[in-house]
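Reader: Hello! Could you walk me through what is shown here, and tell me what each term rests on?

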Amino acid sequence: MKLEILKELNAERAARRPVIIVTDTANGDQRLVKAADIAADPLRAELSKQLRMGKSGNVEVAGKKLFLNVYAPTAKLVIIGAVHISQALAPLARSLDYDVTVVDPRTAFASPERFPDVPLVAEWPDVALPPLNVDHYTAFVAVTHDPKIDDPGLLHAFDRECFYIGALGSRKTHAKRAERLRAQGAKDSDIARIHAPIGLDIGAVSPSEIAVAIMAEITAQLRLPPKEKEEAA
Amino acid sequence: MLNRDEDILQAAETWQKQGHGVALATVVETWGSAPRPAGSSLVINDDGTFLGSVSGGCVEGAVVTEALDVIASGQPKMLEFGVADETAWNVGLSCGGTIRVFVEKVG
């Protein structure tokens, strides 16, 4: 690997931007493809498939055997609300390799006893969220049921273009939420990105089952190609 | 776990800058129950110091030896380890899988 490629790879990874290294394993020829450049690449179909799966693998193109090494950032999950659902959601997300952070200004909820081994920030979203570097590789979930806490979080998630945004509440609750967010300057296209009611419809009842429904929906958002994603939603 | 290779690649860059000869070994293909998935990597410098893993410990010793050759020659190499292979019998993938490891010089 040329030093320039290694440097660029490390810089992209530090910025949490996905990269694929394409290597001709017969002769060592190599190039780096940034996620933003995939659409214009001759291998775009293969590259976008591997990136979506977050999986490295081999392809054969014009008699050449190429190894596509995918470097995708670790996905993050930010949970607004240290509630009962979050107690089930946080460990489940961690088992799926997400970096999880729970935010709730209410210290009675955000206690280490209730959330052993999970990074907790007992602050309001305006203080808690900026240092978390919420980005496109972040799933954002608001489950406090309290507009004072959920709404500023959701506005932040729109801004940072999270790949998944979900909020707890019935259709009626969500309609009221949409009104409030619009009044605070949110665009209709932003509001349309909120998954509410949250989670895939699997008839979940208990907090743990709701956690499964939420992680299933987040997984679909992360892994499915755009068309099938629409069908699943 | 796939995504936790940051420090390994950073170390490769740092070693290179310090004037070390450095090689990168990457799992490019696996069959059966291989311990590490494709894309896992190991970086090796000319002291024989290495970071990361391509097999969870089974064949790293052999990979490091080959990597030192690659650092010296500059020519990339493809290595294969598996149950049907003589080398694997010696250095052994105890899990019974087969892996191919691409070793290349950095710089």
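**Strands, sheet and helices**

Author: Gladly! In β9(A), Ala139(A) has Tyr164(A) as its bridge partner. This is a predicted model, in which local features need pLDDT of at least 70, side-chain atom pairs count only at pLDDT 80 or more, and totals for chains, interfaces and linings use all residues. Residues are numbered from 1 along each chain as its sequence is written, while chains are lettered from A and ligands numbered from 1 in the order in which they are written.

Reader: What makes β8 and β9 of chain A a pair?

Author: Two strands pair if DSSP finds at least two bridges between them. Strand β8 (residues 138-142) and strand β9 (residues 164-167) of chain A share 4 bridges in the parallel sense, so they count as paired.

Reader: Why are β7 and β10 of chain A called edge strands?

Author: The open sheet has 6 strands, with parallel pairing, in the order β7-β6-β5-β8-β9-β10 (chain A). There, β7 (120-121) and β10 (194-195) of chain A each pair on one side only.

Reader: Which strands does helix α3 of chain A touch?

Author: Helix α3 (residues 84-95) of chain A packs on the sheet, touching β5 (76-80) and β6 (99-103) of chain A, and its direction makes about 160° with that of β6(A). Contact means C-beta atoms, placed from the backbone, within 7 Å. Angles run from 0 to 180 degrees between N-to-C directions, with axes fitted to C-alpha atoms, for helices over the stretch in contact.

Reader: How many helices and strands does chain B have?

Author: Chain B has 3 helices and 5 strands; these are DSSP runs (helices H or I, at least four residues; strands E, at least two), numbered from the N terminus.

Technical notes: Two residues are in contact if their C-beta atoms, placed from the backbone, lie within 7 Å.
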